[in-house]
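Keep the structure open beside the text as you read.

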Amino acid sequence: MLKTFRGGIHPPEKKEITEKIPSLPISPKDEVIIPLRQHIGAPCEPIVSVGDYVYMGQKIGESTSFVSAPVHSSVSGTVKEIKPYPHPTGGMCMSIIIENDHKDTLAEGIKPFTLDLLPDKIKEYVDSLDPKEIVSKVKEAGITGMGGASFPLHVKLSPPPGTEIDTVVLNGAECEPYLTSDHRAMLEHPKLIICGALMIKKAVNAKKILMAIENNKPDAIALMQTLLKDYEDFEVVVLKTKYPQGSEKQLINAVCGRQVPSGGLPSAVGVVVSNVDTCSAVADAVVRNMPLIRRNVTISGDAVANPANLIARVGMKFEELFEAAGGLKENPEKIIMGGPMMGMAQTRVDVPMIKGTSGILALSKAETFGDKEGTCIKCGKCVDVCPMRLMPNALTTFAIAQDMEKLKEYNILDCMECGSCTFICPQKRFIVQHIKKGKQLLK
Ligand code: SF4
Ligand code: SF4
């Protein structure tokens, strides 16, 4: 039986646009912009100066804070400027701008990319590794969750003393419409994902790995099942295609039947969750000492001439990625980093992609939601679909009235801003926007 959670919606998938298109590696143009904040936690400080020569993969920013992740150069070249630059999550961010010498000269200790570098006997190889060394390499490589949340992975791999982790859940749901970068990653470098997943299991001393994939990716499910047939305690769990199936709490509930408490972390129920392609970055870091400087990105939407999956470098401007996908064939109504449900609207295309950029969408007017909001007819549909069992209609009313007591009483902070309520509302109420404002007021 297909696993799933209570509530949720079925938005048009739009994955057929890019799911069969193999990922194309592209190289940055004359400069890359590396923001010093690409993760949840403390931003980095620059450790290079203007005029310095840097190598591809060289660490260029770091922080002494535990909840942080260093940043690295994605090209070789010269540091041109260090200055505040527009960030795709909004506002300005101190960034290091590097002039690309187009030589891709690797920093010392990093081995060039080739799948042949993976040992033949992956399981035996991972068994021989020291868990502490895995965590330390993950930290040095600046690996953050690549599914969008961008939480530093070494923090997840270092649960508080006394916390026992028994299960690693690999998130291959990719439930946001349009996005297919994880799907392609599972098809194109499955062994790297398996290798990284075993490393995560080893690091947290878990007993089993559950790779969760939605049933709209039958090719990835079949491939992983074949490759994992000789692995004990590592299985593929097939999920019902539903949004937001990939959200951490819903995923854990569907796959393990466990309920993460309000305000709690997955470790509270003995689970570590990792996005599938984050596992590739782990294997890359441990086997090759390669930091997270490139990733799969889906470029899609009706306004894109040739929607594509790209393997692009951190620091490349959105406009370069659109260009690699044939450019924009019409003026987009909306540009979004990430998926249409939880992604972030953009006002310019010269912002850089970051470690958490899973996709960039250029949507036509027909693909967007509209800008007129109706009045609530109390149909209750938003309540039915809310995966967090909240009352989105009531939260909207209290947020508009700025009633802090009621917002607290109705647990507004449990809202994960999935947008299911907004999607289902027949009156096109801007529910999630009102809730976001209510949360800000409360904070
Ligand atoms: S209230 Fe929050 S969690 Fe519930 S459906 Fe709306 S956005 Fe999602
Ligand atoms: S779905 Fe829209 S109209 Fe229906 S109760 Fe919720 S807010 Fe009101």
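Helix α8, which spans residues 276-288, is the top contributor to the lining of the second largest cavity, giving four residues. Before going further, please keep in mind that this is a predicted model.

The volume of the second largest pocket is about 460 Å³. It is lined by 26 residues, with F113, D284, R294, R295 and I311 closest to its centre. The class count for the pocket lining is 15 nonpolar, four polar and seven charged residues.

**The strands around β13 and β17**

Strand β13 covers residues 294-300, and six of its seven residues are buried, so "buried" here stands for under 20% relative accessible area. On one side of the story, β13 is joined by six bridges to strand β14 (residues 308-313), and the two run antiparallel. If you want a spot to look at, V297 has L310 in β14 as its bridge partner.

Strand β13 also pairs with β17, here in the parallel sense and over three bridges. In that pairing, I299 has I360 of β17 as its bridge partner.

How many residues of strand β17 (residues 359-363) are buried? Five of its five are, so the strand is mostly covered by the under 20% cut-off. In a regular strand, side chains alternate between the two faces of the sheet. For β17, both faces are covered: G359, L361 and L363 are buried on one side, and I360 and A362 are buried on the other.

Strand β17 has a further partner in β15 (residues 334-337), and these two pair in the antiparallel sense over four bridges. There, I335 stands opposite A362 of β17.

The pairings described in this report can be set side by side:

| Strand pair | Sense | Bridges |
|---|---|---|
| β13 and β17 | parallel | three |
| β15 and β17 | antiparallel | four |
| β13 and β14 | antiparallel | six |
| β2 and β8 | antiparallel | five |

**An open sheet of four strands**

In the order β2-β8-β7-β4, four strands make up an open sheet with antiparallel pairing. Its edge strands are β2 (31-35) and β4 (53-54), each of which pairs on one side only.

Which residues come nearest to ligand 1? Of the 13 residues around it, they are C386, C415, C418, G419 and C421. By class, this shell consists of 10 nonpolar residues, two polar residues and one charged residue. Helices α13 (420-424) and α14 (431-442) each supply at least two of the shell residues.

The space that ligand 1 takes up is the largest cavity. That cavity is one of two cavities of 30 Å³ or more, and it contains about 100 Å³ of space. There are 15 residues in its lining, and C386, L390, C415, C418 and C421 lie nearest its centre. The elements that give two or more residues to this lining are α11 (392-401), α13 and α14. The lining of the largest cavity divides into 12 nonpolar, two polar and one charged residues.

Ligand 2 has its own surroundings. Among the residues around it are the cysteines C376, C379, C382 and C425. Also there are I377, K378, G380, N393, P426, Q427, R429 and I431. The shell around ligand 2 has seven nonpolar, three polar and two charged residues.

Definitions and conventions
Residues are numbered from 1 along each chain as its sequence is written. Chains are lettered from A and ligands numbered from 1 in the order in which they are written. This is a predicted model: local features need pLDDT of at least 70, side-chain atom pairs count only at pLDDT 80 or more; totals for chains, interfaces and linings use all residues. Side-chain values use heavy atoms; hydrogens and water are left out. Buried means under 20% relative accessible area, exposed over 50%, partly exposed in between (1.4 Å probe, protein chains only). Two strands pair if DSSP finds at least two bridges between them. A residue is near a molecule or strand if one of its heavy atoms lies within 4 Å of it. On a 1 Å grid over the protein atoms alone, a cavity is a set of points where a 1.4 Å probe fits but cannot get out, and a pocket is an open set with protein on both sides within 12 Å along at least five of seven lines; lining residues have an atom within 4 Å of a point. A molecule sits in a cavity or pocket if more than half of its atoms lie within 2 Å of its grid points. Ala, Val, Leu, Ile, Met, Phe, Trp, Tyr, Cys and Pro count as nonpolar, Asp, Glu, Lys and Arg as charged, and the others, Gly among them, as polar. Grid points are joined across faces, edges and corners, and a volume is the space filled by probe spheres set on the points.
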